[in-house]
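Here are my notes on the ligand site, written for you to follow with the structure open. Please read them in order.

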Amino acid sequence: MNKKIALTGDRPTGCLHLGHYIGSLKNRIRLQNQYNQYIMVADIQALTDYFSNPSKISDSLLEVVADYISVGIDPNLSTIFIQSQITALPELVMYYMNLVTVSRLERNPTVKTEIQQKNFADSIPAGFLCYPVSQAADITAFKAEIIPVGEDQLPLIEQCNEIVRRFNRIYNTQCLKEAKAELSTTPRLVGIDGKAKASKSLNNAIFLKDSPEIIKEKVYSMFTDPNHIKISDPGKVEGNVVFTYLDAFYDDKEEIASLKKQYQKGGLGDTSIKSLLNKTLQNLLEPIREKRFSLKKDYLYDILYTGTQKAKTIAEHTLCEVKEAIGLNFFSNK
Ligand code: TRP
């Protein structure tokens with residue numbers, strides 16, 4: 001039986017961190033056996049944020065792929081490719097753009113939140129406003145049925161499916177497929193400061209490539225309970241970042257439950273739980289880091305090249321169908 005096609009992607013704007021690991025990478029390692037999985041390095045989409053600082057993107061591209069391979073994404077099972085090298089994608093965008101209104105894009109909840117976060121007010125770059133159309137091109141080009149993403153991406157998939165339905169209706173075709181989100185069940189990982197989600201820009205994340213010293217330093221600087229001063233003081237577990245990370249990364253859930261009880265009662269020091277977390281993360285990240293440093297640049301480029309060639313063929317095929325449906329297949333018998 002043919003496996004269903006799954007598509008995901010990341011904007012390459014820095015190395016990946018533990019939040020990515022539990023949020024999407026672990027999922028992809030599992031899903032690559034179940035689906036025909038495509039993983040896109042979304043550099044065109046990253047440009048909508050960083051068009052004036054493109055080196056940030058080109059510098060991150062190989063790092064992201066190194067992160068993928070070192071956690072166990074298998075290039076023989078997953079097709080990893082570079083968005084900007086597939087010209088069929090921006091071509092599809094031109095055709096889809098006629099099927100969306102500006103106000104619909106402005107009302108897209110994901111876009112709306114980002115417009116506020118970025119303080120665009122009345123000067124929204126058209127490229128940014130249209131990135132949901134670009135994402136619709138990504139999804140439809142591969143006829144992806146499954147989009148394994150976090151909840152924040154739902155409005156983008158909804159918008160994609162609206163385009164699919166309109167396209168198929170207007171041009172009287174079935175060539176585009178609707179996609180379904182497969183939601184990741186892990187909540188977003190909080191940053192080591194406990195204030196916001198872990199992210200590169202907030203400098204509050206533990207990166208997969210961090211050295212043992214840096215990991216230790218970050219763990220020992222984690223936000224716990226400011227009122228838990230003496231070991232004998234009762235401590236708070238909610239909002240305590242060390243416990244949040246132990247919940248996410250320590251396998252023995254019973255042991256964590258009993259440590260939490262002890263901590264709440266009083267008698268368990270921050271140093272003990274930090275030491276346990278440090279050991280846990282060191283064990284998790286050591287093999288990933290070793291693998292990463294054994295990867296040669298040429299090997300990573302080969303993976304990207306092979307993946308991109310394969311993706312290109314598929315996207316071009318869809319583009320042909322799309323142009324044919326519209327009636328733009330002028331030289332098809334040449
Ligand atoms: N929007 C996604 C992100 O910011 C990246 C992305 C681009 C994507 N195209 C996609 C995800 C297509 C899933 C499907 O992380």
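How much space lies in the largest pocket? About 1,700 Å³, as the points below set out.

1. Ground rules. This is a predicted model, in which local features need pLDDT of at least 70 and side-chain atom pairs count only at pLDDT 80 or more, while totals for chains, interfaces and linings use all residues. Numbering starts from 1 along each chain as its sequence is written, and side-chain values use heavy atoms, with hydrogens and water left out.

2. The pocket. A pocket here is an open set of points on a 1 Å grid over the protein atoms alone, where a 1.4 Å probe fits, with protein on both sides within 12 Å along at least five of seven lines; lining residues have an atom within 4 Å of a point. The volume is the space filled by probe spheres set on the points, which are joined across faces, edges and corners. The lining of the largest pocket has 50 residues, and H20, D152, Q153, R188 and K197 are the closest to its centre.

3. What builds the lining. Helices (H or I, at least four residues) and strands (E, at least two) are DSSP runs numbered from the N terminus. α1 (18–34) and β1 (5–10) are among the elements that each supply at least two residues to the lining, and α1 gives the most, with 6 residues. By class, the lining has 16 nonpolar, 21 polar and 13 charged residues; Gly counts as polar, and Asp, Glu, Lys and Arg as charged.

4. The ligand. The space taken by the ligand is the largest pocket (more than half of its atoms lie within 2 Å of the grid points). β1 and α8 are the elements that give two or more residues to the shell around the ligand, with β1 giving the most, 3 residues. Residues around the ligand (a heavy atom within 4 Å) include L7, T8, G9, M40 and D138.

5. A polar side-chain atom of R11 lies 3.0 Å from a ligand oxygen. Taken alone, the ligand exposes 370 Å², and the protein buries 89% of that (Shrake-Rupley method, 1.4 Å probe).

Notes
Polar contact = N/O pair within 3.5 Å; in protein donor to acceptor, adjacent residues only side chain to side chain.
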